Amino acid sequence: MPIPHRLLLAAGLAAILFAPALCAAIGTKRAPLTPDAERALAERPLAAARVRYPEYFARAYARYPDLPRGVLEALAYSETGWRNVEPSASNGDHERHMPPAYGVMGLYHGEGFADQVAEGAKLLGLSPTLVMRDPETNILAAAALLDRASKTNKARGEPYARAEDPSTMGAVLARYAGYGDGTGEIRTYARQSFAYAVLSTLDRGVDANGVKIPRRAVGMERAFTPTQLAKLRAPLLNVDAVRDEVRIPGAAPSATLAVDFGEALWVPAYSGNYSTAANAMTAVIMHTMEGSYAGSIAWFQNPNAVVSAHYLIRKSDGQITQMVREYHTAYHAKYHNNYTIGIEHDGYASDPGNWSAAMVNASARLTASICARRGVNCASAWQGPGYDYWYVVPDSVRVKGHGMLTQNSNRYDPGKYFPWASYYNLINGGSNPNPPNPSIKYWVDTFANATGYKWPSTLTPVGTLYQGTNYVYCKAWGERVGNATSYNHYWLKTDLDVGPAGAWVSAYYLSRWGNDEARDNNGAVIPNC
């Protein structure tokens with residue numbers, strides 16, 4: 001009798017997974033794997049499992065023919081990386097990253113978000129358990145939910161799914177997102193961000209480690225209104241939680257506080273999900289969201305969450321969102337919240353393919369900036385290895401993972417695949433091959449007396465730099481200083497006339513240059529610190 005295909009597949013997976021154990025059993029020693037080799041080995045069973053997914057997607061399109069081909073694949077990649085996910089049984093409720101998701105499509109099962117699992121099961125006439133555990137049923141449930149969202153939009157005169165045009169899916173995906181019933185512009189922005197991530201994935205395509213999403217051009221200008229698209233693509237946003245507005249800087253006067261790191265979008269967490277108590281800011285903690293970027297934004301704005309982090313970073317392009325000011329206390333690391341800055345990374349700690357260069361590089365720029373601005377010792381950062389279990393490292397390590405902290409025994413993020421060695425190099429000069437020479441001074445003219453601060457922000461004044469010609473050493477991006485028409489995000493490290501050496505003044509006070517420029521009197525760009 002021929003051996004069934006599924007048994008052959010199981011046997012092949014067993015050979016891959018248990019080969020190291022067999023070698024040990026017969027006395028053969030295996031050399032330790034490099035991180036890259038370990039990631040490649042972990043990708044093999046994932047690639048094998050993904051072989052069947054295109055067939056499952058095809059069946060879903062056959063059942064729901066109005067859905068544009070490629071949207072389901074892009075949604076799965078955006079949410080789970082084409083992995084059949086389920087929450088870890090060891091994760092308790094303490095400071096949960098976000099509601100758990102299930103299956104290839106990352107469907108939510110209530111706990112603060114919509115119960116997409118139960119709703120999808122009802123539409124299919126199947127059990128929620130099957131939707132959670134069986135990849136094909138999970139994909140069908142997501143397709144059914146998308147189809148329902150499309151029909152709801154059509155009945156309301158809003159854009160709906162058309163197989164020949166994926167640009168119609170912006171509003172459909174936003175309705176599908178599953179972030180609960182909250183309304184208002186800020187919550188709507190999270191849904192639009194989800195839709196944008198899915199359609200951007202489809203627009204660029206993916207072909208890696210068994211994931212195949214043929215590139216399909218998406219008319220983003222038709223998928224979103226001009227105002228929505230401008231916000232989704234903007235490098236910086238102002239979000240006013242009192243007025244419930246999301247604005248592009250310059251579009252209207254804004255009293256919203258500036259972000260601490262200039263690359264970030266400012267989208268504040270719900271006020272009950274963090275504390276305005278002072279944060280000592282002496283360490284940086286790496287997390288994974290255990291879900292998606294847009295989902296985490298929505299969760300941190302949810303009054304039921306009681307959890308937050310200072311920053312979130314998107315995997316696809318390294319976009320950074322700040323949700324809590326650095327000097328406030330985010331709820332991300334239990335008893336360590338009062339002195340740490342938390343950075344959440346898109347995706348899952350268990351995913352060997354999670355760490356895109358765009359996300360890692362953006363995270364390193366952010367951490368290096370925090371070290372420069374807040375005095376965190378980047379040279380003390382953990383250098384590896386990573387772990388897939390709780391592993392406490394010394395308190396003297398000031399840049400480390402969530403799973404390396406005491407009292408966090410049910411965590412191991414950012415996990416064994418986080419590239420600690422290369423990350424260490426990036427935050428300690430690797431991103432700047434020509435670091436500034438501290439003995440070199442750059443002479444600048446300032447048009448007024450400038451207050452000096454301990455960090456590149458207006459939080460801790462320490463003295464004064466007098467008007468006139470002064471020297472500076474280097475620059476860092478920080479809090480915006482100025483008015484509606486004249487401003488600067490750069491800060492200059494210098495020795496104050498009244499106060500300590502090595503303090504910071506805003507480049508807003510430079511006499512000769514424009515907005516967000518930092519040059520000396522000869523026009524030379526002042527180097528980054």
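**Exercise 1: Salt bridges.** Find how many salt bridges a search of the whole structure gives, then look at the one formed by arginine 59.

*Solution.* Keep in mind that this is a predicted model.
- Step 1: the search of the whole structure turns up 21 salt bridges.
- Step 2: arginine 59 pairs up with glutamate 136, and their closest N and O atoms are 2.7 Å apart.
- Step 3: arginine 59 sits in helix α3 (residues 53–63) and glutamate 136 in helix α7, so this pair ties together parts that are 77 residues apart in sequence.

**Exercise 2: Buried or exposed?** Sort arginine 59, glutamate 136, lysine 212 and aspartate 207 by their relative accessibility.

*Solution.* You'll need the cut-offs: buried is under 20%, exposed is over 50%, and partly exposed is in between.
- Step 1: arginine 59 has 38%, which makes it partly exposed.
- Step 2: glutamate 136 has 19%, so it counts as buried.
- Step 3: lysine 212, at 52%, is exposed, and aspartate 207, at 59%, is exposed too. The side chains of these two meet in a salt bridge (3.0 Å, N to O).

**Exercise 3: Two helices.** Work out how α5 and α7 are arranged relative to each other, and which residues make the contact.

*Solution.*
- Step 1: the axes of α5 (residues 116–124) and α7 (residues 135–155) come within 8 Å and cross at roughly 85°.
- Step 2: angles of 65 to 115 degrees count as roughly perpendicular, so α5 and α7 are roughly perpendicular to each other.
- Step 3: α5 brings Gln116, Glu119, Gly120, Leu123 and Leu124 to the contact, while α7 brings Thr137, Leu140, Ala141, Ala144, Leu145 and Arg148.
- Step 4: sort those residues and you get 6 nonpolar, 3 polar and 2 charged.

Key:
Residues numbered from 1 in each chain as written. Predicted model: local features only at pLDDT ≥ 70, side-chain atom pairs only at ≥ 80, totals over all residues. Heavy atoms only, no water. Axes fitted to C-alpha atoms, helices over the stretch in contact; angles between N-to-C directions. Helix = DSSP H or I, 4+ residues; strand = E, 2+ residues; numbered from the N terminus. Parallel < 35°, antiparallel > 145°, perpendicular 65-115°, else oblique. Contact = heavy atoms within 4.5 Å. Nonpolar A, V, L, I, M, F, W, Y, C, P; charged D, E, K, R; others polar. Salt bridge = Lys/Arg side-chain N within 4 Å of Asp/Glu carboxyl O. Buried < 20%, exposed > 50% of the residue type's maximum accessible area, 1.4 Å probe, protein only.
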